[in-house]
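Subject: Structure for you to look at

Hello,

Here is the structure I said I would pass on.

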Amino acid sequence: MTDNDRDASTDGKAALDVAREDDVVIAKEAPKMVPLRALFRFYKPLDVALLVTGMLFAALGGALFPAVNVAFGRLLDSTAVGDVAGQIDSAVIAMEVVAVSLGVSLTLAYWLVSWASARASRNLRCAFVRSMLAQDIKFFESKKAGELATLTGATVQDFQLGMAKKFAELVQSFFSMGGGFGVGFYFSAELSGVILACVPLLGFATFFLIKSIQDQQKGNSEYESAAAVATETIGAIRVTNALNYQNVATNRYKANLGKAQRYGAKQIWKASFAGGGLFASMFVMYALGLWYGAKLIADSKAAALADYPPPSGLGDTSDATWGAHSTYAESVCTYTNEPSKMYTGDSLLQCACNLDYAMASLTTSPNCGCGYRLDTTFGSVLDSAASPCLSGGTIVMVFFSILFGGVALGQAAPPV
């Protein structure tokens with residue numbers, strides 16, 4: 001080997017070492033994360049006003065979701081009172097008001113947030129073009145044709161999607177979660193605590209289900225690799241035939257299809273497992289909530305009768321003060337499947353305490369047992385919370401409020 005060959009070999013090794021060092025340096029460099037507030041640097045004052053207004057409507061819409069459960073619980077309890085028709089009408093009107101308010105608030109929320117995001121995306125594109133035109137010619141020589149336009153379009157599209165629909169969903173889910181848990185703990189903290197034990201399982205299942213669906217929507221890159229092989233082979237069909245390359249190209253195509261099949265099966269398995277986990281956690285919550293709710297109803301009735309005992313004359317039809325009340329109670333407090341069979345003992349007293357005696361044109365009430373009422377400053381919407389007894393409507397209201405809160409917790413994770 002001559003001296004020139006040795007020098008060339010040395011220079012080649014040196015260049016290779018430099019290239020390897022450069023590769024190592026480049027490989028170690030990672031994209032720098034920006035703080036959350038940097039996402040709003042392209043929002044002008046009008047854009048900020050639109051965003052804040054949209055966030056307020058999203059928060060209102062999220063907080064109104066538990067109100068549907070309150071109205072539904074009142075609707076269930078309305079069948080157990082004297083003026084059934086009037087109570088049902090009131091509950092249905094409340095549900096209609098909540099539905100209209102919910103639709104209007106969420107429509108305005110997503111519209112305003114998306115509008116602000118579109119304006120901020122336009123500002124981002126303008127800032128990128130100004131920055132790009134300020135670069136020297138060396139910058140453009142290192143880029144491929146159309147690379148900057150493609151990168152800009154994809155990046156700005158992700159920014160706009162994240163700051164529009166995803167951001168509104170995050171605000172809505174947060175307030176839905178807080179409102180659901182708040183309603184549940186207000187009406188029954190004990191039942192809410194029991195049901196809340198299943199919420200982490202429900203939240204994780206909802207999160208993985210949404211993530212698996214989003215991963216499926218992103219597409220399968222292996223199909224793109226197979227398509228690239230087919231395009232390359234067909235585009236150079238003459239070369240393929242001349243080199244007898246058909247079998248090799250076919251095997252490459254099949255290999256990529258096999259990877260795509262395995263990837264698709266993996267994503268479907270994830271979605272199926274997440275969906276099964278979601279329904280399993282929901283039914284566990286159903287069983288636990290309804291069983292413990294029935295226990296709380298029975299215990300609350302016994303405790304209310306002991307804490308707020310009926311007057312001594314209630315149950316005696318000949319009593320001067322409560323005789324008329326007792327007569328009315330005996331005519332109403334009968335078994336559903338045997339109307340001729342009347343309640344007796346504590347069951348009769350419990351039923352008598354819970355009746356609406358205004359239906360019998362009686363102006364006084366024994367104010368005992370489950371019929372005992374505390375003063376509440378919240379109005380008729382929260383009347384069931386003023387009763388010392390839990391009702392079926394309250395149990396359903398608490399259960400679905402915690403359930404919706406857990407689902408909202410899982411929905412809040414993917415936008416983040």
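**Aromatic pairs**

Helix α3 (residues 84-133) holds both W111 and W115, which are four residues apart, about one turn of the helix. Please keep in mind that this is a predicted model.

A search of the whole structure gives 13 aromatic pairs. In the pair W111 and W115, the ring centres are 5.6 Å apart and the planes meet at 25 degrees; planes under 30 degrees apart count as stacked, so this pair is stacked.

A second pair to look at is F283 and Y286. The ring centres of F283 and Y286 are 5.6 Å apart, but their planes are at 75 degrees, so the pair is edge-to-face. Both residues lie in helix α10 (residues 246-307), three residues apart, about one turn of the helix. F283 counts as exposed at 52% relative accessibility, whereas Y286 counts as partly exposed at 24%. Together with F399, F400 and F404, the residues F283 and Y286 form one aromatic cluster.

One ring has a charge over it: the charged end of K341 sits over the ring of Y335, 5.1 Å from its centre.

**Annotated spans**

The unreviewed UniProt entry annotates several stretches as "transmembrane region", among them residues 92-113 and 271-292. In the model, residues 92-113 are 100% helix and 0% strand, and their end C-alpha atoms lie 31 Å apart. For residues 271-292 the span is also 100% helix and 0% strand, with end C-alpha atoms 31 Å apart.

**Nonpolar cores**

Which residues have the most contacts inside the largest nonpolar core? They are L191, M285 and I402, in a core of 27 residues. At least two residues of this core come from each of α5 (147-187), α6 (189-196), α7 (199-217), α10 and α13 (392-412).

Leaving aside its neighbours within four places in sequence, L191 is in contact with G289, Y292, G293, L296, I395 and V398.

There is also a second, separate core of 18 residues, which includes Y43, L112, L124 and V171.

Regards

Terms used:
Residues are numbered from 1 along each chain as its sequence is written. This is a predicted model: local features need pLDDT of at least 70, side-chain atom pairs count only at pLDDT 80 or more; totals for chains, interfaces and linings use all residues. Side-chain values use heavy atoms; hydrogens and water are left out. Rings of Phe, Tyr and Trp (its six-membered ring) pair if their centres lie within 6.5 Å; planes under 30 degrees apart count as stacked, over 60 as edge-to-face and the rest as tilted. Buried means under 20% relative accessible area, exposed over 50%, partly exposed in between (1.4 Å probe, protein chains only). A charge sits over a ring if NZ of Lys or CZ of Arg is within 6 Å of the ring centre and within 35 degrees of the ring normal. UniProt positions are given in the numbering used here, feature names are shortened, and annotations may be inferred rather than shown by experiment. A nonpolar core is a set of buried Ala, Val, Leu, Ile, Met, Phe, Trp, Tyr and Cys residues joined through side-chain atoms within 4.5 Å. Contact means heavy atoms within 4.5 Å.
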